[in-house]
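Me: I have a structure open and would like to go through it. Can you take my questions one at a time?

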Amino acid sequence: MRRRWMAAVAVTVAGMLTLTACGGGGNDGAAQSPQADAAKKVEVFSWWTGPGEADGLKAMKEIFEKQNPGLTFFDAAVAGGSGDKARALLTSKLQADTPPDTFQGHAGAELQGYIKAGDLEPVNFLYDELKLKDVFPQQLVDQISVGGQIYSVPVNIHRSNVMWFNPGVLKDAGVTEVPGTIEEFIAALEKVKQAGKVPLSIGSEWTAVHLLESVLLGSLGTEAYNQLWTANSDWSGPAMTKALNDYKTILSYAGDPQDDWQPAAKQVADGEAAFNIMGDWAYGYFHNPPDGGLGKTSKTDFDWAPSPGTGGTFMWLSDSFTLPKGAPNRDGAVAWLKVAASKEGQDAFNPKKGSIPARKDADTSLYTDYLADALKDWGSNKLAGSIQHGVTVNDAWRTAINEAVGLFQQSKDVAALQTALADAAKNSGQ
Ligand code: GAL
């Protein structure tokens, strides 16, 4: 109590001083004594800087600042879809014991890595205070827990296995049915190629791994895919060889790699490309008004279906926020986590982000169009975890997969890719 009161005094004094920005995407404001500034500023580390995804963060930031007038949101986001660049910087900050106040971490194996490294404080006190165990699915809480200690606050559920497509481009190419299997997909890609459009748009390197996870799920089937992360995995057998050959064929229809996922998705919305396999953050980008998104019309400019061969399975991932040990502004971080955990925070963030809430009690009327489909499928489909977005593999294993796929994009050598993936699994120590 006393500590809170002291913090409130510090904040009030800080509020009376004027001048200088705290940097990042934080307030333009007011130069203050370093101590007062530190007490105010809450450094939130993510990779949501680009069009589409920044809109969701902004919506949650607004609620945070409204509810916490004494605190300033300091946006420490590092650009680059999927966070590969952000995580590299985060690792060095954690190793140097200079963590941000809170950072984004994927539920599942990625988060387990931070827990094992001793980087995080448990947040059971928040789950007790806010009765969060009643509102988050138990299977999600399991993914962020070790030995009964819970280590993060999930803000959403994203779907990875989405095939976005441009209905007009398909029609012009004579593709009359939305491809449901890998074979149908390859036939459709060929038709689009003949029609002179980009069959499949692709972005920076990680988007090739994103594509790989959808192809593995579609080619192997859900059960065999889910076994890849267990002691019964089979990375070396003929089913995997077939899946990787499918991947090679599909990749051969990819256009020039774009800088990140947004320009690749845009090629579909603009009618330059037919297909893009990307997570549903692309929905936020397509759909949000033009000050952040593309303001496109659903079903006309873009449409969606499960990635080929994966109908009935929801390949999921979840963004969650953490409380790092030694957070400089721990109280501020806790205030952020409370907003991220809240129904109001999640219902502001997710419709903009293109995700559905992690909470089970969200206002479903806010989730329309693509998001209504996602809510329905999340509640009824089989589940599989994403590779690239931290569910099934920790950061070291994911990095090994990324390297193998990077080499494959040059060599196109399926046997070498299969060996590298099998080695990555064997050496993962996960
Ligand atoms: C994922 C993240 C999503 C989205 C995406 C593209 O890893 O979980 O929220 O940001 O990367 O950047």
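Me: Which cavity is the space taken by the ligand?
Reply: The ligand takes up the largest cavity. A cavity here is a set of points on a 1 Å grid over the protein atoms alone where a 1.4 Å probe fits but cannot get out, and a molecule sits in one if more than half of its atoms lie within 2 Å of its grid points.

Me: Where does the model come from?
Reply: The model is predicted, so local features need pLDDT of at least 70 and side-chain atom pairs 80 or more, while totals for chains, interfaces and linings use all residues. Residues are numbered from 1 along each chain as its sequence is written, and side-chain values use heavy atoms, without hydrogens and water.

Me: How many residues surround the ligand?
Reply: 13, and the closest are Glu53, His106, Asp319, Lys353 and His389.

Me: What is 2.6 Å from an oxygen atom of the ligand?
Reply: An N or O atom in the side chain of Glu53. For Lys353 the distance from a ligand oxygen to a side-chain N or O atom is also 2.6 Å, and for Trp47 that distance is 3.3 Å.

Me: Changing topic, how many helices and strands are in the chain?
Reply: The chain has 19 helices and 15 strands, taken as DSSP runs (H or I, at least four residues, for helices; E, at least two, for strands).

Me: What does the C-alpha trace span?
Reply: About 70 × 45 × 40 Å along its principal axes.

Notes
A residue is near a molecule or strand if one of its heavy atoms lies within 4 Å of it. A polar contact is a pair of N or O atoms within 3.5 Å; within protein, one must be able to donate a hydrogen and the other to accept it, and residues adjacent in sequence count only if both atoms are side-chain atoms. On a 1 Å grid over the protein atoms alone, a cavity is a set of points where a 1.4 Å probe fits but cannot get out, and a pocket is an open set with protein on both sides within 12 Å along at least five of seven lines; lining residues have an atom within 4 Å of a point.
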